[in-house]
Amino acid sequence: SLFNTLAWVESSAWTGKYGIVVAGDIAVYEKGPARPTGGAGVVVMLVGPDAPLVVERGLRSSYMADVNDFYKPIMHSEYPLVDGHLSNTCYLQALDGCYNGFADRFERLYGIPFDTNAFDYAIFHMPYGKLVQKSYARYLYNDHRRGQPEELNSLAQFDELSEEDTYTNRDLDKESQRLAKESFESKVAPSMELGKQLGNSYCGSLYVGLCSLLNKKSDELQGSRALMFSYGSGLAASMFSIRVDGPVQYIKDALNIDNRLAARNAVSPQQFTDMLDQRETTFTAVDYEPTAPTDDLLPGTYYLTKIDDRARRQYDRVPTRSFGTWAADTNVSQPHNLAAMFARRAAPRAQSALGRSVAIN
C-alpha cells in the first residue's frame with residue numbers, strides 16, 4: 001500500500017491530495033513459546049510531497065517465494081500454523097535476496113561499491129528481538145561477500161560453506177554478531193524499543209520501528225538515512241531507504257509515545273490467557289453480544305456490540321468529546337493514533353501544488 005501510494009503521488013493520475021496508508025495487525029498465538037512474542041499496533045502514514053521523511057527514488061528491491069512457514073489454513077481459529085525454524089531461515093533468505101538487489105541498484109545509481117555503512121540506521125520487521133540481531137549481523141556477512149569492508153575479513157573462514165549451511169552455522173552467526181555488536185547499538189537498537197514494548201504487529205512492525213527511532217533520536221536525525229527491511233511470511237519482502245530531509249520533532253510530539261506507553265493498563269499473564277481463551281470460544285460466533293467492559297477504550301474507538309443470527313456485525317463508538325478529560329488524566333495529547341509521515345519527492349508540478357506535509361491523527 002505504501003509503495004502504491006507513493007507511485008500514485010508521483011504519477012499523472014495524482015489529484016493533488018494526500019494519501020493515507022494504514023499498517024497494523026493483531027498477532028496472537030496458541031499456548032506455547034510463540035505466544036509471548038504476540039502483540040498489536042497500528043501506524044498511520046500520510047504520503048505527499050515535501051515531507052521530512054523521503055522514500056528515496058530508485059532504491060528498492062523485493063524478494064518473493066512460495067513457502068508454508070507461517071499461514072492460517074484453519075478457518076475456525078485465528079491462530080497461525082508456524083514452522084519456527086523454517087520461518088527464521090526464510091526471513092534470512094529474503095533478507096539476502098533484497099540486500100543483493102538493493103546493493104546492485106545502489107551501485108548502478110551512485111557508481112560506488114555498496115555496503116551498509118552507507119546508512120546511519122537499519123530498521124527491520126521485528127517478530128522478536130533476537131531475529132533482528134541475527135539479521136543485522138547477516139548484513140555484515142553480505143557486506144563481506146561483496147568484498148566490503150576490510151574489517152570483516154575474519155568472516156573469510158566461512159567462505160566455503162554452502163549457501164544453505166550459512167543459515168544454520170552457529171560459528172558464522174557468532175562471529176557475525178561479534179563484529180556487529182558495537183554498530184548494532186547505535187544503528188539498530190534505537191528502532192527496537194517500541195517493538196519490545198508492543199510485541200509483533202505484523203505489517204505494522206517495520207513502521208513501529210521507525211516510530212521508535214523518531215522517538216529516541218528525533219534531534220539527531222536530520223540528514224541521516226535509514227535502510228528499511230519489510231517482511232511477510234509466505235513470503236514477500238522489500239528493502240528500501242528513507243532519507244531525513246527536515247526536522248521531525250513535531251512527529252515525535254504527535255506520537256507522544258512515552259506518555260502513551262505509561263498510560264497502558266497492565267494485566268497478569270493469567271488474565272491475558274483468560275482473554276484469549278474467551279476469544280477462542282467466540283471467534284466464529286453468531287447471535288452473540290460481547291460482554292467485555294468498554295470503559296478503558298480510547299475516545300473515538302469503535303467496538304463490537306452484536307453479531308446477529310445472520311452474522312451481521314453492529315458497532316458503537318466511545319464518544320470523542322471525552323478525549324480532553326481522558327488526556328488530562330493520562331497526560332496523553334492529541335493525536336492519539338500512532339502516526340508517521342513519509343513522502344517521496346514528487347515532480348515539480350506536484351511540489352508546487354502542496355506545501356510541507358503535516359502529521360495526521
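Hi everyone, thanks for coming. One thing to keep in mind from the start: this is a predicted model.

Let's begin with helix α3, residues 129-145. How far apart are its end C-alpha atoms? They are 25 Å apart, and that agrees with the 24 Å that its 17 residues should span at 1.5 Å a residue. Of those 17 residues, 12 are buried, so α3 is largely enclosed by the rest of the structure. Among the buried ones you'll find L131, V132 and S135, and also the run from Y136 through A137, R138, Y139, L140, Y141, N142 and D143 to H144. And what covers them? The cover includes helices α2, α4 (163-166) and α5, along with strands β6 (121-124), β7 (225-232) and β8 (236-244). After α3 comes G147, which has a positive phi, near 85 degrees.

Now for the packing of α3 with one of those neighbours. Two packed helices are described by the angle between their axes and the distance between the axes. For α3 and α5, which covers residues 170-187, the axes come within 8 Å and cross at roughly 100 degrees. That makes α3 roughly perpendicular to α5. On the α3 side, the contact is made by K130, V132, Q133, K134, Y136, A137, R138, L140 and Y141. From α5 come L172, D173, S176, Q177, L179, A180, S183, F184 and K187. Sorted by class, this contact has 9 nonpolar, 4 polar and 5 charged residues.

Is N88 buried, exposed or partly exposed? It is partly exposed, because its relative accessible area is 23%, and the cut-off for buried is under 20%. Setting aside neighbours within four places in sequence, N88 is in contact with Y128 and L131. N88 and S233 are 145 residues apart along the chain, and their C-alpha atoms are separated by 9.8 Å.

Two more stops. Helix α7, residues 205-217, reaches 18 Å from its first C-alpha to its last, close to the 18 Å expected. It is mostly covered, with 11 of its 13 residues buried, including Y207, C211 and N215.

Finally, the strands. β1 (residues 19-27) and β2 run antiparallel and are joined by 9 bridges. In this pair, I20 stands opposite L46 in β2. Strand β2, residues 39-47, is mostly covered too, with 7 of its 9 residues buried.

Note on methods:
Residues are numbered from 1 along each chain as its sequence is written. This is a predicted model: local features need pLDDT of at least 70, side-chain atom pairs count only at pLDDT 80 or more; totals for chains, interfaces and linings use all residues. Side-chain values use heavy atoms; hydrogens and water are left out. Helices (H or I, at least four residues) and strands (E, at least two) are DSSP runs, numbered from the N terminus. The expected span of a helix is 1.5 Å times one less than its number of residues. Buried means under 20% relative accessible area, exposed over 50%, partly exposed in between (1.4 Å probe, protein chains only). Axes are lines fitted to C-alpha atoms, for helices over the stretch in contact, and angles run from 0 to 180 degrees between N-to-C directions. Angles under 35 degrees count as roughly parallel, over 145 as roughly antiparallel, 65 to 115 as roughly perpendicular and the rest as oblique. Contact means heavy atoms within 4.5 Å. Ala, Val, Leu, Ile, Met, Phe, Trp, Tyr, Cys and Pro count as nonpolar, Asp, Glu, Lys and Arg as charged, and the others, Gly among them, as polar. Two strands pair if DSSP finds at least two bridges between them.
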